[in-house]
Amino acid sequence: MLLQQILNGLTAGSVYALVALGYTMIYGILGLINFAQGELYMAGAFAAVLLLSAYEVNFFLAFLFGMGVAALVGVTLERVAFRPLRGAHPLVPLISAIGASILMQSLALLLFGPTDRAFPVQFEFATVDVAGIPISTLQGAIFGSAVFFMTLLVLFVKYTRFGKAIMATAQDQDTARLMGINVDRMISLTFLIGSALSGAAGIMMAIYYNATYPRMGLLPGLKAFSAAILGGVGNIPGAIVGGLILGVAENLGAAYLSSGYKDAVAFAILIVVLLLRPRGLLGGRGH
Amino acid sequence: MTEYFLHLAIISSFYIILALSLNLIIGYCGQVSLGHAAFYGIGAYTSALITIHWGAPFLLGLVLAVLVAALFGLGLGIPTLRIRDDYLAIVTLGFGIIVDLVLLNLEVTGGPDGLTRIPPPDLFGLNFRFKGNYLTLVMFCVLAVLLLVYRLVHSRHGRALKAIRDHEVTARVMGINTAAYKIAIFTLSAGMAGLAGSLYAHYITFINPESFGLHTSILILTMVVLGGMGSILGSVVGAGILTILPEMLRRFADYQDLAYGGLLIAMLIWRPQGLLGVGKVSQKFILPKGKKGT
């Protein structure tokens, strides 16, 4: 029972971690809390679901398409809602991000309606007994792909020219510009990667819960944000650790305390972390 | 028809108080609260619960609503306002969601159904089911809040607040206790939202958590941004416009949220001072000249 809950938590947590990576990277480079991150998650899920229900396409192609659409929306968002406000007090883009979030949510509501959509492709998932605990292969697949994307991101940031340029921009924009880095392009690239990861997370959850709807990104988005703070905002391994801890804590809270307060666990953790250790577990960039 | 206009005027008044209180935080603390509706809800539920269950008089409910909401504001403000600028936004957002969940799950608050049969005010033997009387009561409260805010902003403390808002470090160097001021304003603001909540509960006579969620917090924020952050008159106008316009444009109700989102972004990019905030907005919120659009 306990192990089962921990495994459920790790599955949800790995998805939070993917979204949290987007938050953390964008915060790291712009000092901006992108409240619309949850809507990118929703955009990715909708893109994949709509493509799969309209055309007979390969699932992996639809997955990539969903990530691509989320990335496109993210980059557009940065252009429209954040770039014109760069250099203003951090609260200004924060409010603008809130505006973008409700804008996209209500746009999705108008375009796609309020009802849940089932995932158009049915998968055959088995339940495997590992050391006496039944594990669904779906959970395994979600956890596995999340880990895959995270590894990819860490390798990208550490070992590629673009990755290093992003880190340089995050550390000091002016110096990065002096070194010949196109800062605007790096910011766009950060939004592109962060949004694609959120889109991937959205598609996985659309399969896991078999439901895609306009408000699906709201709570996961906010929880992923808590995860980013928990791990230390601006810190990439921190976002992963924060996401996993949050997912597990939430599931344990729902199982052993009260299921009605499941969604409150993440925010209670957020408040406690901000009060006791505002730089997060692994130490974020902070201000 | 007059009934309907009275109703609109009363509803606008609640939002005027809410917008004014949030504007104190944004325009005079340079902070954003994303859980303002939670204080509104705490006020509404406090007042409703003690008048229903203990048969307390309306006035006691009102006073307690203000005090309890302010107490929550104080509890939330003390730890958070001393740290970073954007932390308050996040903590209040989380606080708003937790309060929403607590109201939904507690037995005493009636869960998703909320509370019904909240008694109307019992003051001076007047019948407050008559909307004209209620409007008088609400107007009296609005004027009191307006006077309080106006006097506060134009006092010695108001100048200290403006100094904090415009340059916190300099203010601290001048010997202003910036943390104490911020906490005081946040507490006051939460209390004012509690007042609006109590007035709302006794007017509508039934409340449920739906009225006090994230959506309401964002609506109040939009009112402040539209009217002009830091402008008292702006909050009154912003609240008035965003209460009355949606009523007149009922046919387009589906597009309401879309419009709020677009309005927030567009105002910040093209008119960050809001409709009436010329020369009154913190320099913090306006882009330095020549830096626009990088």
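Two residues are in contact if their C-beta atoms, placed from the backbone, lie within 7 Å. The model I am reading is predicted.

**Entry 1: chain B as a whole**

I looked up the contacts in chain B with a separation of 6 or more, and 78% of them come from residues 24 or more positions apart. I then listed the elements and found 11 helices and 0 strands in chain B. Read along the sequence, the pattern is α-α-α-α-α-α-α-α-α-α-α.

I checked the extent next. The C-alpha trace of chain B spans about 55 × 45 × 35 Å along its principal axes. For 294 residues, a compact globule would have a radius of gyration near 19 Å, and the 19 Å of chain B agrees with that. I also noted that 52% of the 294 residues of chain B count as buried.

**Entry 2: α5 and α8 of chain B**

I looked up how helix α5 (residues 131-153) of chain B lies against helix α8 (residues 178-204) of chain B. They pack at an angle of about 180°, and their axes are 12 Å apart. Angles over 145 degrees count as roughly antiparallel, so α5(B) is roughly antiparallel to α8(B).

I wrote down the residues that meet. From α5(B) they are B:Tyr134, B:Val138, B:Cys141 and B:Val145, and from α8(B) they are B:Met192, B:Leu195, B:Leu199 and B:Tyr203. Sorted by class, this contact has 8 nonpolar, no polar and no charged residues.

**Entry 3: α1 and α9 of chain B**

The axes of helix α1 (residues 2-29) of chain B and α9(B) come within 9 Å and cross at roughly 70°. Angles of 65 to 115 degrees count as roughly perpendicular, so α1(B) is roughly perpendicular to α9(B).

On the α1(B) side I found B:Tyr15, B:Leu18, B:Ala19, B:Leu22, B:Asn23 and B:Ile26, which meet B:Ile220, B:Leu221, B:Met223, B:Val224 and B:Gly227 in α9(B). By class, the contact of α1(B) with α9(B) has 9 nonpolar, 2 polar and no charged residues.

**Entry 4: one residue, B:Pro79**

Where is B:Pro79 placed? I found B:Pro79 in helix α3 of chain B. I counted 17 other C-beta atoms within 10 Å, so B:Pro79 is partly exposed.

**Entry 5: where chain B touches chain A**

How many residues does the contact take from each chain? I noted 37 residues from chain B and 36 residues from chain A. On the side of chain B that touches chain A, the elements that give two or more residues are α3 (58-80), α4 (87-105), α9 (214-227) and α11 (256-270). The residues of that side divide into 23 nonpolar, 7 polar and 7 charged.

**Entry 6: a strand pair in chain A**

I turned to strand β1 (residues 127-130) of chain A and strand β2 (residues 133-136) of chain A. They run antiparallel and are joined by 4 bridges.

I then looked at the turn. β1(A) and β2(A) form a hairpin with 2 residues between them. In that turn, A:Ala131 has a positive phi of about 50°.

Technical notes
Residues numbered from 1 in each chain as written. Chains lettered and ligands numbered in written order. Predicted model: local features only at pLDDT ≥ 70, side-chain atom pairs only at ≥ 80, totals over all residues. Nonpolar A, V, L, I, M, F, W, Y, C, P; charged D, E, K, R; others polar. Axes fitted to C-alpha atoms, helices over the stretch in contact; angles between N-to-C directions. Parallel < 35°, antiparallel > 145°, perpendicular 65-115°, else oblique. Buried ≥ 20, exposed ≤ 12 C-beta atoms within 10 Å, placed from the backbone. Pairing = 2+ DSSP bridges. Rg over C-alpha atoms; globule rule 2.2 N^0.38 Å.
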